[in-house]
Amino acid sequence: RVLIDGTFIHAALMAHVRIKDQLRVICGKKYTPMITQCAVQELRSMGKDFWGDLGIAKEFYRIKCGHMSRQWDASLPALECCKRIIGETNEKKYFVATQDMELRAHCRKIAGVPVICLRQQVPFLEAPSKASLGHHEQREKRKVAPQNWEREKVPALQPEVQEAAEEVVWKKKKKPKAPNP
């Protein structure tokens, strides 16, 4: 699932980048480009200069964010809508494709939100944020740490293990040698 912002669509259109083809390269074969209703409405409200962006946005799956009312002007700004859809933990595991610096900064604060943006004509996946790296490190430490049932048994086995380690004396095995020249 790739949540795409109107700014990303506009930048891709200006740079003549085919979004679907490039996202397939970055995300792999299976991906779903998505856009919120609020982002589509924001593109609509910008006028004739953004009709190309709107045409591209209509090709993507629309997320029904629920921020739209019956009045067209009552939608949230696309930035706020994207923030609410991602949430605090990114439960639905979205990638976020945007050029908006504020949204990118918000995504870096949340662990596990990959951010895709354009540099001239090249889309790229940003390096994992500090929040993502910290979260990953904590998960790895939890995997390595002994579980509760193991902690109960470790103190009882500790003296036995130390005694066994002291008794074992490793002798170097003699290997067959080659004959002298």
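The following questions and answers go through a predicted model of one chain.

Colleague: How are residues numbered, and which pLDDT do local features need?
Modeller: Numbering starts from 1 along each chain as its sequence is written, and side-chain values use heavy atoms, with hydrogens and water left out. In this predicted model totals for chains, interfaces and linings use all residues, side-chain atom pairs count only at pLDDT 80 or more, and local features need pLDDT of at least 70.

Colleague: How many helices and strands are in the chain?
Modeller: Helices (H or I, at least four residues) and strands (E, at least two) are DSSP runs, numbered from the N terminus. From that end the elements run β-α-α-β-α-α-β-α-β-α-β-β-α-α. The chain has eight helices and six strands.

Colleague: Which strands are the edge strands of the sheet?
Modeller: Two strands pair if DSSP finds at least two bridges between them. The six strands form an open sheet with mixed pairing, in the order 3-2-1-4-5-6. Pairing on one side only marks the edge strands, which are strand 3 (61-63) and strand 6 (122-125).

Colleague: What does the twist average from one strand to the next?
Modeller: Axes are lines fitted to C-alpha atoms, for helices over the stretch in contact, and angles run from 0 to 180 degrees between N-to-C directions. From one strand to the next, the twist averages 35°.

Colleague: What is the bridge partner of Val-96 in strand 5?
Modeller: Strand 4 and strand 5 pair over two bridges, in the parallel sense. Strand 5 is mostly covered, with four of its five residues buried (under 20% relative accessible area; exposed is over 50% and partly exposed in between, with a 1.4 Å probe and protein chains only). The partner of Val-96 is Val-115.

Colleague: Which strands does helix 5 touch?
Modeller: Contact means heavy atoms within 4.5 Å. Helix 1 (residues 6-14) lies across strand 1 (2-4), strand 2, strand 4 (95-97) and strand 5 (115-119), at about 30° to strand 5. Helix 5 (residues 78-86) also packs on the sheet, and its direction makes about 165° with that of strand 1; the strands touched by helix 5 are strand 1, strand 2, strand 3 and strand 4.

Colleague: Within what arc do the buried residues of helix 6 fall?
Modeller: Helix 6 (residues 101-109) has Leu-103, Arg-104, His-106 and Cys-107 buried. The arc is that of the directions from the helix axis to the C-beta atoms. Because the buried residues line one face of helix 6, their arc seen down the axis is within 160°.

Colleague: Which exposed residues does the face of helix 6 turned away from its buried side carry?
Modeller: The buried residues of helix 6 have a cover that includes helix 5, strand 4 and strand 5. The face turned away from the buried side carries Met-101 and Lys-109.

Colleague: Which residue has a side-chain oxygen that reaches the backbone nitrogen of Glu-102?
Modeller: A polar contact is a pair of N or O atoms within 3.5 Å; within protein, one must be able to donate a hydrogen and the other to accept it, and residues adjacent in sequence count only if both atoms are side-chain atoms. The oxygen comes to within 3.2 Å of that nitrogen, at the start of helix 6, and belongs to Asp-100.

Colleague: Which backbone oxygen does the side chain of Ser-129 reach?
Modeller: Ser-129 is in the loop between strand 6 and helix 7 (130-144). Ser-129 is buried, at a relative accessible area of 11%. At 3.1 Å, the side chain of Ser-129 reaches the backbone oxygen of Arg-108.

Colleague: What separates the C-alpha atoms of Phe-95 and Arg-1?
Modeller: Phe-95 is in strand 4 and counts as partly exposed, at 24% relative accessibility. Not counting residues up to four places away in sequence, Phe-95 touches several residues, including Arg-1. Phe-95 and Arg-1 are 94 residues apart along the chain, yet their C-alpha atoms are separated by 6.2 Å.

Colleague: How many disulfides does the structure hold?
Modeller: A disulfide is a pair of cysteine sulfur atoms within 2.5 Å. For Cys-82, which is buried at 2% relative accessibility, the nearest cysteine sulfur is that of Cys-81, 5.8 Å away. For Cys-107, buried at 0%, the nearest is that of Cys-82, 8.2 Å away. The number of disulfides is zero.
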